[in-house]
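Biologist: I would like to go through this model slowly, one question at a time. Could we begin with the terms and then turn to the residues?

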Amino acid sequence: MPPKRRNKPDPHFDTRSPCKKRAAPLEENGGEKVPIVTQENFTNGTPVEVCSDEDGFHGAWFAATIVEAVGGDKFLIEYQSLRTEDDSAFLREEIDTLHIRPNPPENAVEHFNLLQEVDALYNDGWWVGVISKVLSGSRYIVYFRSTCEEIEFQQSELRLHQDWIGGKWVMPSRALKL
């Protein structure tokens, strides 16, 4: 099962490495491709999702809000559910643009199907998994490849998995996963 996130981030957090499934539009910069995500993409108050490369949290996305731009490729964000160690306020953190994406569009789903890729809301974050069993009463067993574990979820705790690629939300193809 995905680990419980600490309230206080690791001080040795490496923000240079992009999260799994994270892709941004690219441009050439001296032969190297670099993301085209700038301050214009996110304004103060914009709801976003933020990922972490911290051990045990790779690939999970956490709801946050842009507080302010702090540089060409960094923003101060405030998490919507993660709190400071003393529980006095919501946690704030400087995050580079490789670890920020817009909130995915909501897609109404009547029910999920076996082997469908989903995001599951667990420990304050969205984790990528696959429906491994459909239960009665709008309940599902979700398998997490990263930990080889299965957890039961209500339909309200699941959403269709989408990837942010080239500045657009893309539904992953099952054929690419086989």
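Modeller: Two strands pair if DSSP finds at least two bridges between them, and helices (H or I, at least four residues) and strands (E, at least two) are DSSP runs that are numbered from the N terminus. This is a predicted model, in which local features need pLDDT of at least 70 and side-chain atom pairs count only at pLDDT 80 or more, while totals for chains, interfaces and linings use all residues. Residues are numbered from 1 along each chain as its sequence is written, and side-chain values use heavy atoms, with hydrogens and water left out.

Biologist: Which residue of β6 is the bridge partner of F75?

Modeller: Strand β5 covers residues 74-83 and strand β6 covers residues 90-96, and the two run antiparallel, joined by 6 bridges. For F75, the bridge partner in β6 is I95.

Biologist: What is the phi of D87, in the turn of the hairpin that β5 and β6 form?

Modeller: The hairpin has 6 residues between its two strands, and D87 lies in that loop between β5 and β6. Most residues other than glycine have a negative phi. D87 is a residue other than glycine, yet its phi is positive, near 60°.

Biologist: Is D124 buried, partly exposed or exposed?

Modeller: D124 is found in the loop between β8 (117-122) and β9 (125-134), and its phi is also positive, near 70°. Buried means under 20% relative accessible area, exposed means over 50%, and partly exposed lies in between, using a 1.4 Å probe and protein chains only. Because the relative accessible area of D124 is 35%, the residue counts as partly exposed.

Biologist: Why does E49 count as buried?

Modeller: E49 lies in strand β3, which covers residues 47-51. Leaving aside neighbours within four places in sequence, E49 is in contact (heavy atoms within 4.5 Å) with several residues, among them W61, F62, H99 and W126. E49 counts as buried because its relative accessible area is 3%.

Biologist: With the side chain of which residue does the side chain of E49 make a polar contact at 2.7 Å?

Modeller: A polar contact is a pair of N or O atoms within 3.5 Å; within protein, one must be able to donate a hydrogen and the other to accept it, and residues adjacent in sequence count only if both atoms are side-chain atoms. The side chain of E49 makes such a contact with the side chain of R159 at 2.8 Å. The polar contact at 2.7 Å is with the side chain of R101.

Biologist: At what distance does the side chain of Y140 reach the backbone nitrogen of F112?

Modeller: Y140 is placed in strand β10 (residues 139-144), and it is buried because its relative accessible area is 2%. Its side chain makes a polar contact with the side chain of Q155 at 3.3 Å. The backbone nitrogen of F112 is reached by the side chain of Y140 at 3.0 Å.

Biologist: What share of the residues of the chain count as buried?

Modeller: The chain has 1 helix and 14 strands. Among its contacts with a separation of 6 or more, residues 24 or more positions apart account for 51%. Of the 178 residues of the chain, the share that count as buried is 38%.
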